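This report describes a protein structure for a reader who is meeting such descriptions for the first time. Please keep the sequence and the model in view while reading.

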Amino acid sequence: MAGRINDDDVKAVRDAVPIDAVVSEYLQLRNGGGGNLKGLCPFHDEKSPSFQVSPSKGLFYCFGCQEGGDTVDFIMKIDHLSFAETIERLAGVAGITLRYEQGGYTPGRQQGERTRLVEAHKVAAQFYVEQLASPEAEIGRAFLAQRGFDQAAAEHFGVGYSPAGWDHLIRYLRGRGFSDKELLLSGLAQEGRRGPIDRFRGRLMWPIRDITGEVIGFGARKLRDDDNGPKYLNTPETPLYRKSQVLYGIDLAKKEIAKTNRAVVVEGYTDVMACHLAGVTTAIATCGTAFAGEHIKILRRLLMDNSGSEVVFTFDGDAAGQKAALRAFEDDQKFAAETSIAITPGGMDPCELRLAQGDAAVAGLVDSRTPLFAFAIQHVVGRHNLNTAEGRAAALEAAAPIVANIKNSSIQHEYAVTLAGMLGILDTQFVVRRVSQLARWNRERGQRGGPPGARGNGSYGRDGGPGGPAGRGEPHGPAGQQSAAPPGLRGPALNLRSPAHRVERELLKLALQRPELVAPAFDAYGADEFTAPPYAVVREVIEQAGGVSMADADYVARVREAAPDDTVRALVTELTVEPLHTRRGADEVYAGMQLVAVRLAAVNQRITEIRGTLQRLGQQADPAHLAAVQNELWVLQQYGQSLRERGAAAL
């Protein structure tokens, strides 16, 4: 049984790795205001960013799907790791040596499964790189040289060679402490007639890395005629490797993709190498599968669905390339980015183009791109006989929906006019009206509810704009449309039409985000001063964590740990990350206004209750009791008046 990781080491790991640095390995983050960062949520499909990261608090929260937590929670959720595996990975990033209790630490026995498989791939990649220098690998070095790749290029991309024997890698990894079960599970080995054998033998090896740079699989290229296997052999589906969720080169290209708002999709490993060496450092490729939904999600998170971003597909000019381009066009509406196509001349791929015409030709290929919808229009029109009225009508009905899907309305109109010219239809306005009609139907269909991720079907937040915070159990607009109460929290759904609930939320946000502004007054507030039951629970949790007066670097962590369940913990995270609703910035004056508003609401509520009590008592009540109730009413009325006149000074 694995030993328990020392608590001090866990804390050291949490403190050592900034959450924004971790999250930005998976998606692009931009300024979200109030010291927060925002991006497209990696846990659900969305058009506008509702995922927020608070570097100062070390927390993330998605106001769309309600996923939230700290750095450890993020890694556990996104990579499906156990707690121990996550701490081990982050410790490796931070250079922290972990101590294990209950009998010490035995790496081969105590590391989590995923950690072991990642380590096996890392060691295997190093082994293959070393083998590329061997005499046997001359054929592999020659292959690279023939395609214009020198030793430096091979080292940059980690290209290696797998020896032709049956068990070279297996014996090496066994010597490094890995079991046969781990090697089979990783896909590095496969069952032979007499036990495990190397899966890759006598091939040129490309390490396939995930977006964080960890090796999770390999692509292997056949080199010899007597190799009866496929030209390219990839790692099979494993706990680490899902080909539908992997983009080759994404680890090298992600920063440039986010910086330039452009991604270039090519077809193979050597094409990625050629593009990067030619200066097109945003190039990526799929690994033995068509570019599809999961790949789109990866790019959307990096491009952040910026309307000015672009995805460029490169395809050969042959029939297969045209078919691939049209298949890519089918996914165009899943991007907010513009999609373009670059057709390689003479059927050459980018690697062949670089070899034949140099780096400038590869860069020029991308520069000569054409909008993908223009390519699709030309292809569709080309299938019809434009010499007949029937053919022109059929071409119009086939091409008009493509034009109607163009996002930019002015470009849409221009292409409608162009389509009329292509078809030889003299009544240009007829074509324009037909396209406009289809575009309107598309918008109406989207408003009624389209598929997840469909353009024009974005989420709207509390601030009434795309991606604004939409709290769990909270309405989605400034008018305060009602929504269901969060599961697990008792009481009615929260309604922002209620000024009390709105100000209670703001005060709790201050207590979590800027505790120094509301201390020590906040600690004197009782849970009964919060009329929304979920907020009353959060107030109790803050008290259990020591209150705002005891706030220090671990304050928010203590509050989250004190939460009675995951639902309350999620609400604490949400309140900690959600921006404060003040344009001038939070200060003592603003904090005082929230403190006064919550207290005054509680005082007014109590005054209403006492008046009801007096009415029920009537004149026949015990005089002493009646006097006591009347005195309480008078005191509260005076206190309320003081709060209204003096503000925070009266607290």
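A search of the whole structure finds zero disulfides. Cys41 is buried, at 3% relative accessibility, and Cys275 is buried with a relative accessible area of 2%.

**The protein as a whole**

The model is predicted. The protein contains 27 helices and 17 strands. Of its 651 residues, 50% are buried. When contacts between residues at least 6 apart in sequence are considered, 64% of them join residues at least 24 apart.

**The nonpolar cores**

The largest nonpolar core has 76 residues. Those with the most contacts inside this core are Phe51, Phe74, Ile250, Ile257, Leu299 and Leu419. Helix α17 (residues 372-381) gives the core its largest share, eight residues. Another core, of 42 residues, lies apart from the largest one. Among the residues of this other core are Val246, Ala283, Val312 and Cys351.

**Aromatic rings**

A pair of aromatic rings is described by the distance of the centres and the angle of the planes. The count of aromatic pairs in the protein comes to 20. Two of these pairs share Phe74, and the table gives their geometry.

| Ring pair | Distance between centres | Angle between planes | Arrangement |
|---|---|---|---|
| Tyr26 and Phe74 | 5.6 Å | 70 degrees | edge-to-face |
| Phe60 and Phe74 | 5.5 Å | 80 degrees | edge-to-face |

Which parts of the chain does the pair of Tyr26 and Phe74 tie together? Tyr26 lies in the loop between α2 (19-23) and β1 (30-33), whereas Phe74 lies in helix α3 (residues 71-79), so the pair ties together parts that are 48 residues apart in sequence. Phe60 lies in strand β4 (residues 59-62), so its pair with Phe74 in helix α3 ties together parts that are 14 residues apart in sequence.

Are Tyr26 and Phe74 buried or exposed? Both Tyr26 and Phe74 are buried. For Phe74, the relative accessible area is 0%, and Phe60 also counts as buried, at 0% relative accessibility. Ring pairs link Tyr26, Phe43, Phe51, Phe60 and Phe74 into a cluster.

Arg147 lies over the face of Phe143, at 3.6 Å from the ring centre. Arg599 is placed over the face of Tyr525, at 4.1 Å from the ring centre.

The description now turns to individual residues and their surroundings.

Lys509 is found in helix α21 (residues 499-513). Is Lys509 buried or exposed? Lys509 is buried, because its relative accessible area is 0% and a residue under 20% counts as buried. Not counting residues up to four places away in sequence, Lys509 touches Arg514, Leu575, Glu578, Pro579, Leu580 and His581.

Ser186 lies in helix α10 (residues 180-186) and is buried, with a relative accessible area of 1%. Which residues are in contact with Ser186, leaving aside its neighbours within four places in sequence? They are Leu117, His121, Thr235 and Thr238.

Val118 belongs to helix α6 (residues 113-131). With a relative accessible area of 12%, Val118 is buried. Leaving aside neighbours within four places in sequence, Val118 is in contact with Glu214, Val215 and Leu240. Val118 and Leu240 are 122 residues apart along the chain, while their C-alpha atoms are separated by 7.7 Å.

Note on methods: Residues are numbered from 1 along each chain as its sequence is written. This is a predicted model: local features need pLDDT of at least 70, side-chain atom pairs count only at pLDDT 80 or more; totals for chains, interfaces and linings use all residues. Side-chain values use heavy atoms; hydrogens and water are left out. Helices (H or I, at least four residues) and strands (E, at least two) are DSSP runs, numbered from the N terminus. Buried means under 20% relative accessible area, exposed over 50%, partly exposed in between (1.4 Å probe, protein chains only). Contact means heavy atoms within 4.5 Å. A disulfide is a pair of cysteine sulfur atoms within 2.5 Å. A nonpolar core is a set of buried Ala, Val, Leu, Ile, Met, Phe, Trp, Tyr and Cys residues joined through side-chain atoms within 4.5 Å. Rings of Phe, Tyr and Trp (its six-membered ring) pair if their centres lie within 6.5 Å; planes under 30 degrees apart count as stacked, over 60 as edge-to-face and the rest as tilted. A charge sits over a ring if NZ of Lys or CZ of Arg is within 6 Å of the ring centre and within 35 degrees of the ring normal.
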